[in-house]
Amino acid sequence: MAPTPLGRYNLEHRLTQGGMADLYLARTSVHGVERLVVVKVISQRFGRSPEFLAMFRDEARIVTSLQHPNIGQVLDAGEIDDQPFLVLEHIFGRDLGAI
């Protein structure tokens, strides 16, 4: 997949497809420093369902409020071109699904 822009995030490739959202490895640049992040977006199969939009926004609000050394941090959240997104810290390591 060629990088797909979502605002200042360039989606490199899909990491996984979840129940209601897809997770993408993405690159962004902050003050000239490039970093890898994970961008979560609602799957296109749900379209603009108000129910799923509300659940996604609730999740973003709840996850943003969590702080713990064993939880990846939320770095950004919002909507670009009517596409809600959540940006999470990319943590290098083993795939939890494989463990």
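Arg27 is partly exposed, with a relative accessibility of 31%; the term covers values between buried (under 20% relative accessible area) and exposed (over 50%), computed with a 1.4 Å probe on protein chains only. The model is predicted, so local features need pLDDT of at least 70 and side-chain atom pairs count only at pLDDT 80 or more, whereas totals for chains, interfaces and linings use all residues. Residues are numbered from 1 along each chain as its sequence is written, and side-chain values use heavy atoms, with hydrogens and water left out.

Six salt bridges are present in the structure, a salt bridge being a side-chain nitrogen of Lys or Arg within 4 Å of a carboxyl oxygen of Asp or Glu. One of them joins the side chains of Arg27 and Glu12, with an N to O distance of 3.3 Å. This pair connects distant parts of the chain, 15 residues apart: Glu12 belongs to strand E2 (residues 9-17) and Arg27 to strand E3 (residues 21-30). Strands (E) are DSSP runs of at least two residues, numbered from the N terminus. Glu12 is partly exposed, at 21% relative accessibility.

Arg27 also forms a salt bridge with Glu34, where the closest N and O atoms are 3.1 Å apart. Glu34 is exposed, its relative accessible area being 52%.

Key:
Helix = DSSP H or I, 4+ residues; strand = E, 2+ residues; numbered from the N terminus.
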